[in-house]
Amino acid sequence: MKKKRNLLVPLCVLFSVAYILLAARPLKAELQFLPQWTIEVAQNTARSEETDFHDAIPFRLGQTAGYVTADGTVLNVVTFPYKAAISPSYYAPYGTSDKAIAFFAPDGTKAGTITRTGFPFFAEDKQYLFLPGGAAFAKLDDGGQVQWTYESYAPITAFSASPGGCVAGYADGTVVSFGDDGAVDQQFAPGGSEYPVILGADISPSGQLIACVSGQDAQRFVIAKKSSNHTEIIHHEYLQTQTTRQKIVKFSRDESTVFYDCSDGIGVTDCKTGKTRRIPVSGHILSMQEAGRTRTMFVLSRSGNTYTVQVIEPFGIAAGAFSFAAQTACIAVRDDDLFVGKDNTISRIRLVRR
């Protein structure tokens, strides 16, 4: 009996060592946030003639807009009394009844003039103008001249643009997408609702896919794909709860996933499998921005004076969130750096996996 007990102890030790060696797995690298700098944006930073404006990062905080660089240089700051359109390529302060709207490059030099009344919309290097009445819009060239115009009888209730074209959603429940030459690529009505208004829409970078949130009683989310001679609905679902406000819809750069604003948070749908996840979000969603290499999506939302940045990794995994108090806020992304605007400051946060 004593010999058996003596053998039992080393066997247990050997088993424990073997289990530890065989069962050990390396820990998965986690996303971490490394603060880089925080600057005030009240005025321009001193700069030389060699300052590069080509990778300017736009921001808009309240009645102030402008551009900063990744190293914390404030390239340009402007204030505007009413509204302003801004993108990485252009900005334009404007009023409600301006007969001509001047727009500018990030360095403040005049880039052109829009000679028609309306509301400008800038997306990357593309320019559009929503015309008075709300049912028509125009595509503009680099100088602000009208290239083509599309007019409907119903008001525009959703609009988005990508390198693959643009898409407009209308109060009558119609969705229309266009190539850069103005040709209609797709036109369909998601239907399925008592009141079929389009509340949000996006077009994928290639222009092949369209996603939208539409309707009241019941509200619906739809993904459509362009084919040779018709539009194919590849995914649809009815939302459990609904709201009447406009929605943000956004494709990932690789078109594998679409994110959309729903009343119970963020919907994340795989475009191939149709599988959807719901991620709770506090407040009203204001912006969605995707990081470069990590493919992380950042979602800015607001509830009262509390802003929250929700971090969503690929496959719809909620990686975390942080909140702060402010009167106004914005976010932007360059590569894997997150830029957070808060009242009169902007902070750069680097994303790393460790």
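How many bridges pair E30 with strand E31 (residues 345–353), and in which sense? The answer is 6 bridges in the antiparallel sense. The close-up views below are taken from a predicted model.

**Figure 1. Strand E30 and its two partners, E29 and E31.** Strand E30 covers residues 337–342. On one pairing, strand E29 (residues 329–334) meets E30 in the antiparallel sense over 6 bridges, and Val333 stands opposite Leu338 in E30. In the other pairing, E30 runs antiparallel to E31, with Phe339 opposite Arg348 in E31. Of the 6 residues of E30, 5 are buried, so this strand is largely enclosed by the rest of the structure. Buried here means under 20% relative accessible area.

**Figure 2. The hairpins on either end of E30.** The hairpin of E29 and E30 has 2 residues between the strands. In this hairpin, Asp335 takes a positive phi near 55°. The hairpin of E30 and E31 also has 2 residues between its strands. There, Asp343 takes a positive phi near 55°.

**Figure 3. An open sheet of 3 strands.** The strand order is E2-E3-E4, and the pairing is antiparallel. Strand E2 (57–61) and strand E4 (74–79) stand at the edges with a single partner strand each, so one side of each has no neighbour in the sheet. Neighbouring strands of this sheet are turned by 15° against each other on average, direction ignored. E2 pairs with strand E3 (residues 64–68) over 5 bridges, and Arg60 stands opposite Ala65 in E3. Strands of a sheet pair through backbone hydrogen bonds.

**Figure 4. The second largest cavity, lined in part by E2, E29 and E30.** This cavity holds about 30 Å³ of space. Its lining is made up of Ile57, Pro58, Phe59, Val68, Cys330, Ala332, Phe339, Gly341 and Ile346. E2, E29 and E30 each supply at least two of the lining residues, and E2 gives the most, with 3 residues. By class, the lining has 8 nonpolar residues, 1 polar residue and no charged residues. Phe339, which stands opposite Arg348 in E31, is one of the lining residues.

**Figure 5. An open sheet of 4 strands.** Here the order is E21-E22-E23-E24, with antiparallel pairing. Strand E21 (249–251) and E24 stand at the edges, each with a single partner strand, so one side of each is left without a neighbour in the sheet. Strand E22 (residues 257–262) and E23 run antiparallel and are joined by 6 bridges. Within this pair, Cys262 stands opposite Gly265 in E23.

**Figure 6. The second largest pocket, with lining residues from E23 and E24.** About 210 Å³ of space lies in this pocket. Strand E23 (265–270) and strand E24 (276–279) each supply at least two residues of the lining. The largest share, 3 residues, comes from E23. Among the lining residues are Val268, Thr269, Asp270, Lys275, Arg295 and Phe315. The lining has 2 nonpolar, 6 polar and 4 charged residues.

**Figure 7. The largest cavity.** The structure holds 2 cavities of 30 Å³ or more. The largest has a volume of about 60 Å³. Its lining includes Ser252, Asp254, Phe259, Glu290, Glu313 and Pro314. By class, the lining has 4 nonpolar, 4 polar and 4 charged residues. Ser256, Thr257, Val268, Arg295, Phe315 and Gly316 line this cavity and also line the second largest pocket.

Key
Residues numbered from 1 in each chain as written. Predicted model: local features only at pLDDT ≥ 70, side-chain atom pairs only at ≥ 80, totals over all residues. Heavy atoms only, no water. Pairing = 2+ DSSP bridges. Axes fitted to C-alpha atoms, helices over the stretch in contact; angles between N-to-C directions. 1 Å grid on protein atoms, 1.4 Å probe; cavity = no way out; pocket = protein on both sides within 12 Å on 5 of 7 lines; lining within 4 Å. Points joined across faces, edges and corners; volume = space filled by probe spheres on them. Nonpolar A, V, L, I, M, F, W, Y, C, P; charged D, E, K, R; others polar. Buried < 20%, exposed > 50% of the residue type's maximum accessible area, 1.4 Å probe, protein only.
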